[in-house]
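I opened the model to look up a few local features. My notes follow in the order I took them.

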Amino acid sequence: MALAPSFKPLPLQLPSPPLQLPTSRRFSSTCSAVVQPDSSPTSLSSSSVTHRPAVILPGLGNNTGDYQKLALTLQGYGVSSVVANVSRIDWLRNAAGLVDPNYWRGTLQPRPVLDWYLNRVDEAVDEALKLSQGGSLSIIGHSAGGWLARVYMEEFSKANISLLLTLGSPLQPPPKGLSGVVDQTRGLLNYVEKNCRKAVYTPELRYVCIAGRYIQGSRFFNDSNSATTIPVAVEQSAPDVAIANDTSTLTSTGATFRTRFVGQGYKQVCGQADVWGDGVVPEVSAHLEGALNISLEGVYHSPVGSDDESRPWYGSPAVVEQWVHHLLN
């Protein structure tokens with residue numbers, strides 16, 4: 001698991017107005033579920049309105065400072081936030097897993113290797129609980145922070161969490177037995193899938209999983225323009241979510257070194273190279289059955305390498321505007 005490489009940006013274009021669909025229906029589609037908020041930031045929130053606090057969990061290789069702009073953006077909507085205290089050098093602690101035989105067998109478990117991260121999350125949650133004054137919290141997990149949030153919720157049993165919102169998180173374990181595919185988590189995601197509670201979208205607890213469609217990968221030894229499709233299951237659990245059929249804003253123009261390079265990264269995560277994703281995590285891997293699954297066009301994976309305009313990431317202000325209403329409900 002490594003930090004995202006930087007790629008030449010693609011323009012951000014919103015799809016055409018989506019078709020409104022009934023709630024509580026499941027669709028198997030390669031299209032994106034795109035949230036189109038009806039209100040501007042000023043109408044969604046005001047200085048006199050406060051909402052439940054959020055805890056922001058950094059992704060692999062990221063540090064607390066990478067999310068300060070996101071925290072400021074959320075503050076503009078009346079959402080106070082606490083970013084878990086993580087430095088880049090902290091991630092070297094994961095090397096402790098190398099002495100665990102389960103690492104080499106591909107059956108590694110989150111604890112005790114990732115106890116340091118889970119303890120940082122717990123500290124941030126305790127701080128956010130003081131802000132909530134007895135109310136509930138939201139957790140925003142970016143990249144690996146998304147599935148680590150699931151581990152935290154399982155192991156620490158905090159009843160105050162009412163929303164888990166993941167941003168470009170690899171939530172599905174890679175398929176087994178495929179040639180050239182190596183589980184970079186060494187079994188961690190298999191553990192999460194088997195041992196963490198299933199995703200839900202209920203009044204008490206909501207899972208919202210957001211994927212980015214920034215670039216389509218391609219196979220390394222095949223320059224064919226045709227791509228094999230992996231269906232994306234989109235859970236329709238709220239009336240403000242719809243399917244947009246127009247994905248022409250970002251179209252593949254044939255395999256290049258860049259798309260092949262990205263495709264090899266996608267293959268390690270989902271087992272297939274010629275799929276859409278945010279440049280690091282494939283769209284299909286960032287969704288969970290039972291959650292409200294959303295795909296956003298033109299969204300890049302990481303705050304590192306993003307300039308908010310030509311290469312917006314999940315925390316860029318224009319992108320936050322598309323998902324922040326989940327924190328305000």
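Which backbone oxygen does the side chain of K198 reach? I found the backbone oxygen of E193, at 3.4 Å. I count a polar contact as a pair of N or O atoms within 3.5 Å; within protein, one must be able to donate a hydrogen and the other to accept it, and residues adjacent in sequence count only if both atoms are side-chain atoms.

Ground rules first. This is a predicted model, with local features needing pLDDT of at least 70, side-chain atom pairs counted only at pLDDT 80 or more, and totals for chains, interfaces and linings using all residues. Residues are numbered from 1 along each chain as its sequence is written, and side-chain values use heavy atoms, without hydrogens and water.

**K198.** I placed K198 in the loop between helix 6 (188-195) and strand 8 (206-213). Helices (H or I, at least four residues) and strands (E, at least two) are DSSP runs, numbered from the N terminus. K198 counts as exposed because its relative accessibility is 57%. My classes are buried under 20% relative accessible area, exposed over 50%, partly exposed in between (1.4 Å probe, protein chains only). Beyond its neighbours within four places in sequence, K198 touches R150, E193 and Y207; contact means heavy atoms within 4.5 Å. I also checked L288, which is 90 residues from K198 along the chain. Their C-alpha atoms are 8.6 Å apart.

**Helix 4.** I tested the length of helix 4 (residues 115-132). Its 18 residues at 1.5 Å a residue should span 26 Å, and the end C-alpha atoms are 25 Å apart, so the two agree. The expected span is 1.5 Å times one less than the number of residues. Buried residues in helix 4 include W116, L118, V121, V125 and A128. Which elements cover the buried residues of helix 4? Among them I listed strand 4 (54-57), strand 5, strand 6 (137-142) and helix 5 (144-156). Q133 follows helix 4 and has a positive phi, near 50 degrees.

**V99.** V99 sits in the loop between strand 5 (81-83) and helix 3 (101-105). It counts as exposed because its relative accessibility is 71%.

**Whole chain.** I noted nine helices and 13 strands. Of the 329 residues, 55% are buried. Among contacts with a separation of 6 or more, 80% join residues 24 or more positions apart. The accessible surface is about 14100 Å², and carbon and sulfur atoms hold 53% of it. Areas come from the Shrake-Rupley method with a 1.4 Å probe; for residues, only the protein chains shown count as cover.
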